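Colleague: Please walk me through reading a core and its salt bridges.

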Amino acid sequence: MSSRQAPSLLGPLARTRFRKAGMLASLTLVLATGVVSPTAAAAASVSDDKPTATQQGGKDCRPHKPRSAAESSVPETKPKPKDKCKGATGATGATGPKGPTGATGATGADGTDGATGATGATGATGAPGATGATGATGAGSCTEIDASQDSNNFELRAALTPPVMGGPARAYAGIRDLTGNTPRPFLWSDLSDNEDYPQDACGISITQHAQGMQAQGDARIDVITTAGQIYETTCSVVTSNRTLTCDQGWELVNMQPAPGQENGGTVVP
């Protein structure tokens with residue numbers, strides 16, 4: 001037989017379990033004889049069965065050294081080392097159900113309107129506007145009458161009356177028979193319908209041209225416009241019945257008045 005001990009047929013795990021069983025038997029025997037107290041036996045069992053560092057966290061897992069009271073009062077300036085003995089973080093749990101809606105809060109009180117602000121100061125007066133255009137001549141300024149009498153048998157009148165219904169001032173020629181004991185009424189002829197009557201006539205005159213001792217002839221009527229132009233026309237005097245025949249058109253007088261002229265004027269084209 002060889003001097004070497006034969007190798008054990010049990011593996012490491014079996015040998016460990018066998019060794020723990022022997023220790024348990026020895027402890028039981030000691031307790032039975034009363035040599036060791038139960039407290040001492042339990043402490044010995046715990047000391048013998050103390051797990052190694054490798055079993056808890058491997059060779060890198062070291063128990064933390066407790067700090068003294070003086071060290072605890074000093075704030076740490078270095079970041080704490082990662083605890084390598086800490087287990088992995090578990091999975092995040094499912095989100096819980098939504099809680100019920102809370103009650104609606106009370107409505108706040110309405111704010112009061114602020115006081116009306118003071119009226120601002122009056123602004124400065126604006127600059128005067130431009131002068132407007134001159135308005136049209138009023139109807140009353142274009143009213144006139146003239147008279148002529150070169151005979152004891154009749155007398156003549158010329159009249160310019162105000163516009164009617166927005167039209168021009170109207171020109172008239174009149175004659176009155178003076179024979180007999182009582183003067184006869186005037187007989188009027190409208191000259192405004194004659195050809196080329198100026199629509200802006202504003203003044204009128206009349207004169208008679210007698211022919212010999214029979215005191216008959218033409219009556220000449222002139223009007224002046226608001227623009228300063230002079231027009232003329234004539235009426236024939238019928239001495240047999242003291243009437244007028246006024247069928248001639250109006251013509252511009254040649255020449256027309258002009259500023260600064262002396263025995264001259266503006267020639268009518």
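This is a predicted model: local features need pLDDT of at least 70, side-chain atom pairs count only at pLDDT 80 or more; totals for chains, interfaces and linings use all residues.

Modeller: Residues are numbered from 1 along each chain as its sequence is written, and side-chain values use heavy atoms, without hydrogens and water.

Colleague: Which residues touch the most other members of the largest nonpolar core?

Modeller: In soluble globular proteins, nonpolar side chains tend to be buried together. A nonpolar core is a set of buried Ala, Val, Leu, Ile, Met, Phe, Trp, Tyr and Cys residues joined through side-chain atoms within 4.5 Å. Buried means under 20% relative accessible area, exposed over 50%, partly exposed in between (1.4 Å probe, protein chains only). Here the largest core has 24 residues, and Ala171, Leu191, Ile221, Leu244 and Trp250 touch the most other members. At least two core residues come from each of β2 (154-161), β3 (170-177), β5 (201-211), β6 (216-225) and β7 (230-238). Strands are DSSP runs of E, at least two residues, numbered from the N terminus.

Colleague: How many salt bridges are there?

Modeller: A salt bridge puts a side-chain nitrogen of Lys or Arg within 4 Å of a carboxyl oxygen of Asp or Glu. The whole structure has seven. One joins Asp193 to Arg170, closest N and O atoms 3.0 Å apart. Asp193 lies in the loop between β4 (187-190) and β5, Arg170 in strand β3, 23 residues apart.

Colleague: Is Asp193 buried or exposed?

Modeller: Exposed, because its relative accessibility is 62%. By contrast, Glu155 and Arg157 are both buried. They pair at 3.0 Å between the closest N and O atoms.

Terms used:
Helices (H or I, at least four residues) and strands (E, at least two) are DSSP runs, numbered from the N terminus.
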